[in-house]
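Below is a briefing on a structure, grouped by topic. Chain make-up comes before the interface, and single residues come last.

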Number of protein chains: 4
Amino acid sequence: MRARLRPKVIGSGTLSARICQSFIQILIVLSIIAFTVETLPDLSPAARSTLRNFEVFVISVFTLEYLLRFWLSEKRVEFVFSFYGITDLLVILPFYLQLGLDLRSLRILWLFRLFRLFKLVRYVDAAKRIGDAFRLVRVDLAVFGMGALFVFYLAAVGIYFFERDAQPDTFASVIHSFWWALATLTTVGYGDVYPVTMGGKIFTFFTLMIGLGVFAVPTGLITMAIVSTREATLNDDAS
Amino acid sequence: MRARLRPKVIGSGTLSARICQSFIQILIVLSIIAFTVETLPDLSPAARSTLRNFEVFVISVFTLEYLLRFWLSEKRVEFVFSFYGITDLLVILPFYLQLGLDLRSLRILWLFRLFRLFKLVRYVDAAKRIGDAFRLVRVDLAVFGMGALFVFYLAAVGIYFFERDAQPDTFASVIHSFWWALATLTTVGYGDVYPVTMGGKIFTFFTLMIGLGVFAVPTGLITMAIVSTREATLNDDAS
Amino acid sequence: MRARLRPKVIGSGTLSARICQSFIQILIVLSIIAFTVETLPDLSPAARSTLRNFEVFVISVFTLEYLLRFWLSEKRVEFVFSFYGITDLLVILPFYLQLGLDLRSLRILWLFRLFRLFKLVRYVDAAKRIGDAFRLVRVDLAVFGMGALFVFYLAAVGIYFFERDAQPDTFASVIHSFWWALATLTTVGYGDVYPVTMGGKIFTFFTLMIGLGVFAVPTGLITMAIVSTREATLNDDAS
Amino acid sequence: MRARLRPKVIGSGTLSARICQSFIQILIVLSIIAFTVETLPDLSPAARSTLRNFEVFVISVFTLEYLLRFWLSEKRVEFVFSFYGITDLLVILPFYLQLGLDLRSLRILWLFRLFRLFKLVRYVDAAKRIGDAFRLVRVDLAVFGMGALFVFYLAAVGIYFFERDAQPDTFASVIHSFWWALATLTTVGYGDVYPVTMGGKIFTFFTLMIGLGVFAVPTGLITMAIVSTREATLNDDAS
């Protein structure tokens with residue numbers, strides 16, 4: 001019976017398997033939306049109760065799916081310790097732990113429900129190509145990543161040196177100055193911290209001239225690698 | 001008479017057709033400018049009246065154009081349901097509806113006048129090439145688009161987790177935190193919302209390190225695709 | 001004597017010509033710095049007088065250079081109406097006009113002194129290559145430039161529609177909303193204007209998702225074109 | 001004995017040399033962290049004393065390393081005046097100067113401790129490839145660098161012209177306006193300075209349309225050069 005049921009549920013070609021998988025995908029997305037809505041501070045008790053019931057339903061389905069996949073897999077130990085097996089377990093485990101213990105203090109467990117996002121990865125083929133692209137440029141990425149950290153650190157030290165007397169609260173230490181370096185080098189520029197001395201402004205000029213290049217190059221490298229990977233794939237298909 | 005008139009009005013080679021089309025194009029641009037000026041809050045009644053009269057004139061010309069195109073086209077049903085036929089109708093229809101009914105409450109209809117912008121597309125050949133380029137990278141774009149949404153969502157959840165106690169109004173829920181995620185990951189950084197806790201700032205660091213790549217790669221992909229498309233076109237022309 | 005003097009002053013190989021040209025270049029840079037310093041509001045009368053004297057000296061040298069170039073050129077009419085001839089004249093003319101007439105009211109003439117920056121172009125060979133690169137992608141640039149204007153306009157109209165009731169002063173008309181569209185689509189994000197309504201924020205999300213691509217692609221195109229131009233130059237040199 | 005000891009300490013293949021070098025690297029990173037923590041304003045005297053002792057230990061090890069490298073090198077004069085020799089000396093020298101003289105007034109010497117960051121370069125092979133990439137595009141980079149300075153200067157002059165009457169404090173001179181030009185052209189946009197007049201806003205539009213291209217192209221050029229360099233390396237390896 002297991003052999004007959006397997007292709008119908010976790011296979012990749014049959015219609016029934018495709019329906020099962022679409023159902024799970026939709027449920028993941030819906031439960032993520034429920035998770036998001038639940039954080040609204042002014043929800044009515046009725047809405048909160050509905051969301052709670054939906055959560056119980058979702059957990060039931062995911063538990064059923066986990067047990068089914070476990071029962072149907074040929075190599076059960078391998079499944080339990082595979083990426084998908086662990087993800088599937090992490091998604092449902094916090095709910096059952098919550099029933100037995102009083103975990104209200106462990107707020108971080110609440111974030112575990114987000115692991116269901118990773119359940120979606122199972123259905124994304126293209127993720128593999130992006131992995132290939134990253135592997136292709138990993139050395140350059142590492143070098144530029146270290147270069148970026150280097151510039152980032154020197155920017156924080158420099159602005160601390162120039163601004164600590166003028167703004168002793170905002171630039172209280174090199175560690176405090178990291179926040180300015182982040183907002184400036186990524187060009188986010190919230191506007192909560194910025195230099196006011198002439199020296200600090202001139203230093204910002206040179207930091208940005210050097211830093212923008214160092215921070216923007218890695219992005220370009222990934223793009224080039226993705227194009228290379230696609231061309232390689234196309235050539236393989238053609239030959 | 002239809003067969004004789006057609007090339008003179010909607011053909012592509014004759015002088016008279018070119019004059020007609022240039023006239024329509026200039027009228028579209030002028031009417032968009034009029035639409036823009038009309039939104040100024042402190043217009044004099046005289047100016048308002050002039051703009052109103054110009055609008056009536058524009059609609060008259062567009063109606064005439066629509067009727068002429070309908071009358072001159074060989075396959076009239078096809079024209080009515082084509083992209084250009086529908087656009088042309090949507091541009092003039094709200095005006096006539098407004099005469100019969102009192103639509104002052106339906107503010108959205110006022111935006112329909114913008115459809116005349118799409119009338120300009122008829123005259124842009126190069127739009128096709130951009131379409132080709134998008135088609136070439138549509139899989140990568142979709143993957144990175146999903147990746148961007150993924151990062152975007154996790155950024156909002158994370159900052160909500162770190163900042164909800166320190167800034168309960170700004171980061172009231174995950175939904176409220178999306179606004180911060182948008183301003184940060186696109187590096188717009190208006191400065192109306194930003195983290196103030198140490199945890200939130202460190203989280204911002206990692207969000208930006210990962211997020212900037214994910215958000216910037218799609219742009220690079222489109223650029224590469226446009227270059228590829230142009231080279232393909234040049235090779236076709238050469239061979 | 002003209003024939004003997006020409007290579008020594010405006011030639012390109014001799015030592016004396018190189019010294020003349022370096023002297024002029026340094027004078028241009030110094031006079032630009034003087035122009036910049038002169039705008040400082042709290043200069044002492046002595047400093048102001050020194051800057052004025054330096055300006056008279058610079059104008060004297062530039063006038064001498066213009067007369068020399070005119071006297072030495074074989075085709076004098078052509079020189080007067082060439083790009084360099086006109087630039088050289090525009091640099092010195094406002095000074096002499098100022099002597100005869102009272103031009104204090106014509107503030108824009110004060111900016112004419114900046115034309116001496118363009119005198120520097122004479123000495124930059126690489127400017128030609130950038131011109132070639134722009135010509136290579138001018139069609140794509142024009143298309144994306146129009147696309148950017150299109151997105152820019154629709155962004156302003158949309159935000160006006162969503163925010164005019166909540167912020168009637170900041171988003172008083174579509175024309176006022178252009179300022180928001182500019183700060184947002186270029187990701188500058190000064191923070192003086194930003195949407196506060198839910199609708200306006202969701203609209204900002206979609207505007208940025210579409211707009212960033214449209215605004216960032218032209219830059220990528222120019223980069224690719226410069227690389228192509230360099231490779232073409234290298235191939236020409238090799239063959 | 002020197003010949004026997006050399007490979008064990010500064011060689012590149014032996015295990016003992018690798019352990020020595022890893023120890024030095026970890027010490028550099030730790031001492032940089034100590035340097036960073038030391039700037040915190042509210043450190044307890046005990047923590048300050050611990051950091052001071054750690055600094056003495058680090059300097060001792062670095063001094064020992066310097067003397068060992070000097071003693072072991074075959075060409076001692078060359079080592080002293082090599083990049084690494086000078087860096088190693090600059091790292092330890094300020095400490096000994098501080099013992100003899102009262103240098104509390106020379107705050108800049110405090111920054112010399114950062115030179116130990118450059119000691120890390122000795123262990124980064126990939127730095128060479130980035131140097132090659134920069135050399136490949138140095139002409140284009142110089143041209144665009146000058147173009148960026150040109151646009152930067154004209155932006156400051158223009159905004160000064162438009163805004164000096166409306167905001168005489170913020171845009172007090174062209175020199176004051178550079179700060180606005182920097183924050184705008186790099187799209188950082190802190191929000192402490194921005195134009196308020198209609199003329200200044202229109203000028204900002206044109207500045208950004210031209211400036212973004214000029215400022216973003218150099219980054220793209222470096223990316224392309226790095227890809228070219230990697231391909232050249234791969235081809236060399238293959239042939």
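The secondary structure of chain A consists of 11 helices and 0 strands, where helices (H or I, at least four residues) and strands (E, at least two) are DSSP runs numbered from the N terminus. This is a predicted model, in which local features need pLDDT of at least 70, side-chain atom pairs count only at pLDDT 80 or more, and totals for chains, interfaces and linings use all residues. Residues are numbered from 1 along each chain as its sequence is written, chains are lettered from A and ligands numbered from 1 in the order in which they are written, and side-chain values use heavy atoms, with hydrogens and water left out.

**Chain A**

- Of the 239 residues in chain A, 44% are buried (under 20% relative accessible area, with exposed over 50% and partly exposed in between; 1.4 Å probe, protein chains only).
- The accessible surface of chain A (Shrake-Rupley method, 1.4 Å probe; for residues, only the protein chains shown count as cover) is about 12,300 Å², and carbon and sulfur atoms hold 69% of that surface.
- Contacts (heavy atoms within 4.5 Å) in chain A between residues at least 6 apart in sequence join residues at least 24 apart in 65% of cases.

**Interface of chains A and B**

- Chain A brings 37 residues to the contact and chain B brings 43 residues.
- The buried area between chain A and chain B (accessible area, 1.4 Å probe, that two parts lose on being put together, summed over both) is about 3,400 Å², with 76% from carbon and sulfur atoms.
- Between chain A and chain B there are 5 residue pairs in polar contact, both at pLDDT 80 or more (a pair of N or O atoms within 3.5 Å; within protein, one must be able to donate a hydrogen and the other to accept it, and residues adjacent in sequence count only if both atoms are side-chain atoms).
- On the side of chain A that touches chain B, α11(A) gives the most, with 8 residues.
- That side of chain A divides into 26 nonpolar, 7 polar and 4 charged residues (Ala, Val, Leu, Ile, Met, Phe, Trp, Tyr, Cys and Pro count as nonpolar, Asp, Glu, Lys and Arg as charged, and the others, Gly among them, as polar).

**Helix α3 of chain D**

- Thr63(D) lies in helix α3 of chain D and is buried, at a relative accessible area of 15%.
- The side chains of Thr63(D) and Tyr96(D) are joined by a polar contact of 2.7 Å.
- Leu68(D) is also placed in helix α3 (residues 45-72) of chain D and is partly exposed, at a relative accessible area of 27%.
- Leu68(D) and Arg6(D) are 62 residues apart along the chain, and their C-alpha atoms are separated by 9.2 Å.
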